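Trainee: I have a structure open and would like to go through it piece by piece. Can we start with the strands?

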Amino acid sequence: MAQKTQLNGAGATFPYPIYSKWFSEYNKLHPDVEINYQSIGSGGGIRQVLAGTVDFGASDGPMTDEQLSQAKVKILHIPTVLGAVVPAYNIPGVTGEVKFTPDVLANIFLGKITSWSDPAIAKANPGVSFPNEPIIVIHRSDGSGTTYIFTDYLSKVSKEWESGVGKGTSVKWPGGMGGKGNEGVAGQVRQLKGSIGYVELIYAVQNNIAYGSVKNAAGNFVKASLEGVTEAAASVKSMPADFRVSITNAPGKNAYPISSFTWLLIPVPAKNPANGKILADFLVWMVADGQKLTPALSYAPLPDSVVEKVKATIKQVR
């Protein structure tokens, strides 16, 4: 009987649906390798990888230089897939797609637009009849890469957001209610009439929650799709060597503006060299065969140019 190896990871909820699929498929191919993953939010993933309590972490907000300087060993950012953060809503009487301009999104989350009947919302949505209902803002209560992506986007499109709230895995929200994990925010939006929150695309799709299109940098309203996320990724002309890159508000006619890579955080050298080699083997599978499983779960695969760079980087993990 071959020795069973268990690898433990923790972090982002944004890629959790694809990670759990990958880990179970990989286990079918390699029954002696079990990868356990706790979906606790990117903030938790970064903390655990710094504390050395996991074999790998996961985050949708790249670690900051300051966080990396606290690490006892080098930590690699390995991009895994691309995803989209969508404005998901529950507006009584409105079933269709609502269009959001960057200003409207920023002002809703700043607490400046407080009712669905606000003229700024109506202006972008001619012909839609909005109820005179208060807007209930739902945001993440835990340290979250989804929050990082959303606030990174808002900081690029709103000066007031940038100077007042800023970007991060945790920010001081101007108002609203908190939900834990993408699951928590999706659950709150589904239950609360008049609510709006931000979730990774698959959570809106799986929970059957309406989500809107967002006006991109080219001036077009784009609803999140694999193609729109792929076009946003294509805007990166030169990928930095450490893969820490932001693709929110990307140029491109059909680029979806709230798109992001998500990363596994891999300490090198591994605490246990044998585990490091097994993890490297998994990563090689993930960037090749694993990518084929992404579209079924509403994630976009890594661009080929990035896959080649990632393969070279994985050599450091062995």
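Trainee: In which sense do S5 and strand S10 pair, parallel or antiparallel?

Mentor: This is a predicted model. In it, S5 and S10 (residues 213-215) pair in the parallel sense, over two bridges. Within that pairing, Ser213 in S10 is the bridge partner of Lys99.

Trainee: What is the order of the strands in that sheet?

Mentor: The order is S5-S10-S11, an open sheet of three strands with mixed pairing.

Trainee: Which strands stand at the edges?

Mentor: Strand S5 (99-100) and strand S11 (221-222) do. Each has a single partner strand, so one side of each lacks a neighbour in the sheet.

Trainee: Switching to helices. At what angle do H11 and H12 pack?

Mentor: At about 175°, with the axes of H11 (residues 273-287) and H12 (residues 304-314) 10 Å apart. The two helices are therefore roughly antiparallel to each other.

Trainee: Which residues make the contact?

Mentor: From H11, Ala280, Leu283, Val284 and Val287; from H12, Val307, Val310, Lys311 and Ile314. Seven of the contact residues are nonpolar, one is charged and none is polar.

Trainee: What about pockets? What volume does the largest pocket have?

Mentor: About 300 Å³. The lining of the largest pocket has 20 residues, and Gly52, Val54, Val73, Pro267 and Lys271 lie nearest its centre.

Trainee: Which elements give two or more residues to the lining?

Mentor: Helix H2 (42-51), strand S12 (259-268) and H11.

Trainee: And how many lining residues are nonpolar, polar and charged?

Mentor: The lining of the largest pocket has 14 nonpolar residues, three polar and three charged.

Terms used:
Residues are numbered from 1 along each chain as its sequence is written. This is a predicted model: local features need pLDDT of at least 70, side-chain atom pairs count only at pLDDT 80 or more; totals for chains, interfaces and linings use all residues. Side-chain values use heavy atoms; hydrogens and water are left out. Two strands pair if DSSP finds at least two bridges between them. Helices (H or I, at least four residues) and strands (E, at least two) are DSSP runs, numbered from the N terminus. Axes are lines fitted to C-alpha atoms, for helices over the stretch in contact, and angles run from 0 to 180 degrees between N-to-C directions. Angles under 35 degrees count as roughly parallel, over 145 as roughly antiparallel, 65 to 115 as roughly perpendicular and the rest as oblique. Contact means heavy atoms within 4.5 Å. Ala, Val, Leu, Ile, Met, Phe, Trp, Tyr, Cys and Pro count as nonpolar, Asp, Glu, Lys and Arg as charged, and the others, Gly among them, as polar. On a 1 Å grid over the protein atoms alone, a cavity is a set of points where a 1.4 Å probe fits but cannot get out, and a pocket is an open set with protein on both sides within 12 Å along at least five of seven lines; lining residues have an atom within 4 Å of a point. Grid points are joined across faces, edges and corners, and a volume is the space filled by probe spheres set on the points.
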